[in-house]
Amino acid sequence: MRAPQKHTEADREVILSVRDICVAFGRNVVLDHLDLDVYRGEILGFVGGSGTGKSVLMRSILRLIPRQKGVIRILGENYDTVDEATRIGLDMRLGVLFQHGALFSALTVRENIQVPMREYLDLPVKLMDELAELKIDMVGLAPDAADKYPSELSGGMIKRAALARALALDPDLVFLDEPTSGLDPIGAAEFDELIAQLRDTLGLTVYMVTHDLDSLFSVCDRIAVLGQKRVLVDGTIDDMLSFDDPWVQSYFQGKRARRIPERKTRGNSGAQGTGQQQTEGARQESEAT
Ligand SMILES: Nc1ncnc2c1ncn2[C@@H]1O[C@H](COP(=O)(O)OP(=O)(O)OP(=O)(O)O)[C@@H](O)[C@H]1O
């Protein structure tokens with residue numbers, strides 16, 4: 001697996017900018033003056049304790065829940081002030097994979113992938129079929145998956161089919177909500193590998209909410225930590241390891257986390273096996289802890 005990309009501030013285009021976001025449900029203030037930038041071509045891992053507001057932020061960015069304050073810019077455009085045609089254009093640049101896939105159970109994989117195409121584009125059926133086949137191949141599913149219903153798919157296949165749907169309109173930025181949750185260690189490592197490949201081949205930008213330490217250590221270029229209702233720290237794994245906060249320390253330096261770099265170091269110093277196999281091993285150790 002590729003090493004995380006290194007960028008300087010100057011060569012980074014901000015694809016998503018979140019400024020001063022406040023979201024509350026009644027008296028429950030979830031996000032309080034939160035700022036975040038996501039850069040083109042990176043995989044950003046977004047972490048935080050349970051119930052801290054990771055999903056709320058993602059849904060707020062996607063305008064699925066209202067916010068009290070703040071500005072969101074996608075590709076430099078202010079989502080709230082653009083005209084309708086520009087807003088639809090921006091929506092088409094975004095793909096989303098919800099936590100449990102959220103495929104339509106009455107539709108086949110092909111039809112699920114074509115839902116965004118039917119919503120936003122006016123294409124002949126034959127072309128939509130060809131595009132769906134392309135996406136199915138892109139996410140590593142066999143061609144015969146096209147005619148299957150979600151109930152006929154394994155958990156890993158559902159994630160891949162949902163990713164294919166998220167990629168239906170060739171987005172610039174995809175949001176993944178806990179994409180490896182529920183997958184076995186091998187399936188999770190393969191999914192990480194797929195995400196990294198898509199970043200490398202399509203130049204995709206990925207915003208990934210995750211609790212998966214292996215994903216954070218193996219594919220994320222940058223990590224942002226949600227705490228105290230805002231982004232507490234963002235940066236590389238090394239930045240996380242040296243950040244002086246009890247939750248960040250225990251998350252990235254706890255017993256489970258410590259095993260991952262140990263495995264990687266052993267691998268780098270000549271142990272047998274590919275990077276992916278080492279990640280799978282680390283996942284199995286983590287799960288056994
Ligand atoms: N629609 C809603 N109405 C009221 N409160 C909500 C709503 N959605 C989320 N919340 C509250 O917002 C807070 C943050 O929830 P959120 O689901 O974003 O957490 P999370 O960080 O994604 O958690 P987890 O890692 O467990 O998925 C919680 O207190 C939750 O109860």
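Q: How do helix H3 and helix H5 sit, going by their axes?
A: The axes of H3 (residues 109-120) and H5 (residues 155-166) come within 8 Å and cross at roughly 30°. Axes are lines fitted to C-alpha atoms, for helices over the stretch in contact, with angles from 0 to 180 degrees between N-to-C directions. H3 and H5 are therefore roughly parallel to each other (under 35 degrees; over 145 is roughly antiparallel, 65 to 115 roughly perpendicular, the rest oblique).

Q: What kind of model and numbering is this?
A: It is a predicted model, where local features need pLDDT of at least 70, side-chain atom pairs count only at pLDDT 80 or more, and totals for chains, interfaces and linings use all residues. Residues are numbered from 1 along each chain as its sequence is written.

Q: Back to H3 and H5: which residues meet?
A: Val 109, Asn 112, Ile 113, Val 115 and Pro 116 of H3 meet Ala 161, Ala 164 and Arg 165 of H5 (in contact means C-beta atoms, placed from the backbone, within 7 Å). By class, that contact holds 6 nonpolar, 1 polar and 1 charged residues. Ala, Val, Leu, Ile, Met, Phe, Trp, Tyr, Cys and Pro count as nonpolar, Asp, Glu, Lys and Arg as charged, and the others, Gly among them, as polar.

Q: Is H3 passing H5 in a left-handed or right-handed crossing?
A: Right-handed (the near helix is turned clockwise from the far one by less than a right angle; anticlockwise is left-handed).

Q: And what about H3 with H4?
A: Those axes come within 9 Å and cross at roughly 110°, with H4 spanning residues 125-138. That makes H3 roughly perpendicular to H4. H3 passes H4 in a right-handed crossing.

Q: Which residues of H3 meet H4?
A: On H3 they are Val 109, Arg 110, Ile 113, Gln 114 and Met 117, and on H4 they are Met 128, Asp 129, Leu 131, Ala 132, Lys 135 and Ile 136. The classes are 7 nonpolar, 1 polar and 3 charged.

Q: Changing topic: which residues are around the ligand?
A: Phe 25, Asn 28, Val 30, Gly 48, Ser 50, Gly 51, Thr 52, Gly 53, Lys 54, Ser 55 and Val 56 (C-beta atom, placed from the backbone, within 6 Å). S2 and helix H1 (54-61) each give two or more residues to this shell. H1 gives the largest share, 3 residues.

Q: How does that shell split by class?
A: It has 7 polar, 3 nonpolar and 1 charged residues.

Q: S2 is in a sheet too, so what is the strand order there?
A: S2-S1-S4-S5, an open sheet of 4 strands with antiparallel pairing (two strands pair if DSSP finds at least two bridges between them). Strands (E, at least two residues) and helices (H or I, at least four) are DSSP runs, numbered from the N terminus. S2 (28-39) and S5 (77-78) are at the edges with a single partner strand each, so one side of each has no neighbour in the sheet.

Q: How many bridges join S4 to S5?
A: 2, and the strands run antiparallel. Ile 74 stands opposite Glu 77 in S5.

Q: What is the order in the sheet of 6 strands?
A: S6-S7-S8-S3-S9-S10, open, with mixed pairing. Neighbouring strands are turned by 20° against each other on average, direction ignored.

Q: What joins S9 to S10?
A: 5 bridges, between antiparallel strands at residues 222-227 and 230-235. Leu 226 has Val 231 in S10 as its bridge partner. The hairpin has 2 residues between the strands, and Gln 228 takes a positive phi near 55°.

Methods: Contact = placed C-beta atoms within 7 Å.
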